[in-house]
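Please look over the sequence and the model shown here.

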Amino acid sequence: MGSAADTRGEHATATVVERAAGLGGELVLRRVDGDYEIISNGVFLMDTRNGESERLLVRAALDAAAARPGAPARVLIGGLGVGFSLTEALTGDDVAHVTVVEREPAVIAWHATALRPWSRDALRDPRVTVERADLLDYVTAPGAGRFDAVCLDIDNGPDWTVTPGNARLYAATGLDALAALLTPRGVLAVWSAGAAPAFEALLRGRFGSVRVRPVPVPRGEPDVVYLARDPRAAAG
């Protein structure tokens with residue numbers, strides 16, 4: 001998602017570009033002073049203004065994976081958003097393939113129109129596969145595959161989910177499913193709009209190595225990127 005800190009001008013005029021009935025409720029794409037925002041059920045989710053922490057989410061995961069020798073990485077990105085994470089994954093030659101899981105058809109469609117300049121036509125890249133699915137369903141399905149980087153950017157963080165059901169991703173059973181997707185050098189990266197101490201404690205109990213990367217934002221507390229690798233054996 002974008003930063004949870006509201007960086008819009010106080011007197012900016014918002015123009016609704018499109019409304020769509022999403023799987024999680026009403027989605028609105030609106031334009032404000034040349035940028036775009038996505039609103040879900042009246043709650044601000046993300047915009048095209050910055051994207052620094054979303055790019056860091058992917059780059060930090062790829063750099064950590066590259067620290068251990070291997071072929072070009074296979075990447076899973078949970079959440080297409082406005083395209084910052086996807087475009088970052090495609091910037092170098094260290095990525096063989098990117099799978100993006102996005103449940104909202106409208107968000108995918110907007111990348112062929114208004115959001116296309118921000119995703120840089122990445123959905124047409126032969127290295128990219130877009131799966132229209134709920135991320136929790138995808139990661140728990142048989143045959144999901146193995147990835148060198150699994151990057152989650154579907155909520156405003158473990159403590160601020162877009163839909164209540166997403167909370168299961170950040171619980172113990174969700175972490176078990178995510179850990180099972182990682183290759184031996186794989187890294188799990190999770191974006192959050194702020195510190196999530198309880199989630200960090202769960203990560204440290206499930207993974208042998210956990211790093212926390214604060215990312216300053218123009219207003220409010222920093223965004224946080226959690227990086228975890230070397231999963232321990234699942235309990236029970």
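Asp-155 sits in the loop that links β8 (147–152) to α6 (172–179). Helices (H or I, at least four residues) and strands (E, at least two) are DSSP runs, numbered from the N terminus. This is a predicted model, in which local features need pLDDT of at least 70 and side-chain atom pairs count only at pLDDT 80 or more, while totals for chains, interfaces and linings use all residues. Residues are numbered from 1 along each chain as its sequence is written, and side-chain values use heavy atoms, with hydrogens and water left out.

Asp-155 is buried (under 20% relative accessible area, 1.4 Å probe, protein chains only). Asp-155 has no salt bridge (a side-chain nitrogen of Lys or Arg within 4 Å of a carboxyl oxygen of Asp or Glu). The nearest side chain of opposite charge is that of Arg-103, 7.5 Å away; Lys and Arg count as positive and Asp and Glu as negative, with His and the chain ends not counted.

| Side chain | Partner side chain | Distance |
|---|---|---|
| Asp-155 | Asn-166 | 2.9 Å |
| Asp-155 | Tyr-170 | 2.7 Å |

Arg-103 belongs to the loop between β6 (95–101) and α3 (105–110). Leaving aside residues up to four places away in sequence, Arg-103 touches several residues, among them Leu-23, Arg-132 and Thr-163; contact means heavy atoms within 4.5 Å.

Strands count as paired if DSSP finds at least two bridges between them. β1 and β2 (25–32) are joined by eight bridges, and Thr-15 stands opposite Arg-31 in β2.

Another open sheet has seven strands, ordered β7-β6-β5-β8-β9-β11-β10, and its pairing is mixed. Its edge strands are β7 (128–131) and β10. Antiparallel strands β9 and β11 share six bridges. Helix α1 (52–66) packs on this sheet, and its direction makes about 160 degrees with that of β9. Axes are lines fitted to C-alpha atoms, for helices over the stretch in contact, and angles run from 0 to 180 degrees between N-to-C directions. α7 lies across β9, β10 and β11.

Notes: Buried means under 20% relative accessible area, exposed over 50%, partly exposed in between (1.4 Å probe, protein chains only). A polar contact is a pair of N or O atoms within 3.5 Å; within protein, one must be able to donate a hydrogen and the other to accept it, and residues adjacent in sequence count only if both atoms are side-chain atoms.
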